[in-house]
Amino acid sequence: MYLSTKQSELMSELAAKLGALTELICIPVTPAEEPFRVAASDDIFADIAPTRLLRLMEGQVDYYLQGKLVMHFEAGDLLGLPRSLNLPQGQFSCSSPVELVAYERDALVEQANSDLKYQRNWTYFLVCSISYFEQALTQELRGEFQPAAGFLHFRSGETIIQQGDTADQVYTLLEGSAKAVCDGVTVGQIHPNEIFGALAVFTRQPRMASVVATSDCTVLAVRKEEFIALIEHQPQICLGLIEEMAAKINQLNSQLLQLKSPEL
């Protein structure tokens, strides 16, 4: 298993331990039926008995909680334990066929209670699961409560914005200079006190160009949610952005006309 966002080395180690423990608690138990395949599905548990768990043998399963993609499961992972105990659970889906093996919850528990070694493996599995989700929650909260704005420093030649990345912040150049580069071609210059990176926030599209520092510079970064809220309360900022965008469009139109004009 792994998170939909960047996963730390610690969480990768926990996921590996969970995979090994899943193997130990499932090997001695006879599956409830033969392995079966599920085509692309929004809910792979839709036709599965509530007391059954599924072990993923091939493919990838995506886990959604309240409509948000939070995790991916891989071959070897055990799915549906909270559901089998009638506890709150998200939704498991797959965008391509997967192979699964079903286990009865009570058969797994009975095997765990039959031997001290299996009891210990189950205990380790549950504790490791709790630790994994605890770390995942901590990572989510850390991202949720990150500072609304921050000052960033870049040296000449460093990339401030990467073309193709998701637009999650808006920037203001406080000191220094930078240039906008699209597909390796410089398409504009950025000067002190200029706001940049806002267009992709409004259009909700990937960054159309990179921004590279042409000198040592200081930048103020604001999360897009706070920037949109700021515009709602300070509409004059939006007017300034429109004027800047219009000037850049005129500049690009002039460059385009020059390129189309025949050489004398």
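Two strands pair if DSSP finds at least two bridges between them, and strands themselves (E, at least two residues), like helices (H or I, at least four), are DSSP runs numbered from the N terminus. Keep that handy for the exercises below.

This is a predicted model, where local features need pLDDT of at least 70, side-chain atom pairs count only at pLDDT 80 or more, and totals for chains, interfaces and linings use all residues. Residues are numbered from 1 along each chain as its sequence is written, and side-chain values use heavy atoms, with hydrogens and water left out.

**Exercise 1. Work out how β8 sits in its sheet, and which residues face each other there.**

Step 1: Get the strand order. The open sheet has four strands, ordered β2-β8-β3-β6, with antiparallel pairing. β2 (36–38) and β6 are the edge strands with a single partner each, so one side of each has no neighbour in the sheet.

Step 2: Look at the β2 side. β2 and β8 (residues 98–104) run antiparallel and are joined by three bridges. Across this pair, phenylalanine 36 stands opposite leucine 100 in β8, and arginine 37 stands opposite glutamate 99.

Step 3: Look at the β3 side. β3 and β8 pair in the antiparallel sense over six bridges. Leucine 56 has leucine 100 as its bridge partner in β8.

Step 4: Check the cover. Five of the seven residues of β8 are buried, so the strand is mostly covered; buried means under 20% relative accessible area, exposed over 50%, and partly exposed in between (1.4 Å probe, protein chains only).

**Exercise 2. Which residues touch the most other members of the largest nonpolar core?**

Step 1: A nonpolar core is a set of buried Ala, Val, Leu, Ile, Met, Phe, Trp, Tyr and Cys residues joined through side-chain atoms within 4.5 Å.

Step 2: Read off the residues. The largest core holds 39 residues, and Ile44, Phe73 and Tyr132 touch the most other members. Helix α1 (residues 9–26) gives the largest share of this core, seven residues.

Step 3: Zoom in on one of them. Beyond residues up to four places away in sequence, phenylalanine 73 touches Met1, Leu56, Gly59, Gln60, Val61, Tyr63, Leu79 and Phe92. Another core, of 13 residues, lies apart from the largest one, and Ala178, Cys217, Val219 and Ala221 are among its members.

**Exercise 3. Are glycine 76, serine 210 and glutamine 111 buried or exposed?**

Step 1: Glycine 76. This glycine is in the loop between β5 (68–73) and β6 (78–79), and is buried at a relative accessible area of 14%. Past its neighbours within four places in sequence, glycine 76 contacts Thr22, Arg55 and Leu56. Its C-alpha atom is 7.1 Å from that of glutamate 23, which is 53 residues away along the chain.

Step 2: Serine 210. This serine is in strand β15 (residues 210–213) and counts as buried, with 9% relative accessibility. The serine 210 side chain reaches the backbone nitrogen of glutamine 163 at 2.8 Å.

Step 3: Glutamine 111. This one lies in helix α3 and is buried as well, at 19% relative accessibility. Leaving out neighbours within four places in sequence, glutamine 111 is in contact with Pro28, Val29 and Tyr118.

**Exercise 4. How many helices and strands does the chain have?**

Step 1: Count elements. The chain has seven helices and 16 strands.

Step 2: Of the 264 residues in the chain, 34% are buried.

Conventions:
Contact = heavy atoms within 4.5 Å. Polar contact = N/O pair within 3.5 Å; in protein donor to acceptor, adjacent residues only side chain to side chain.
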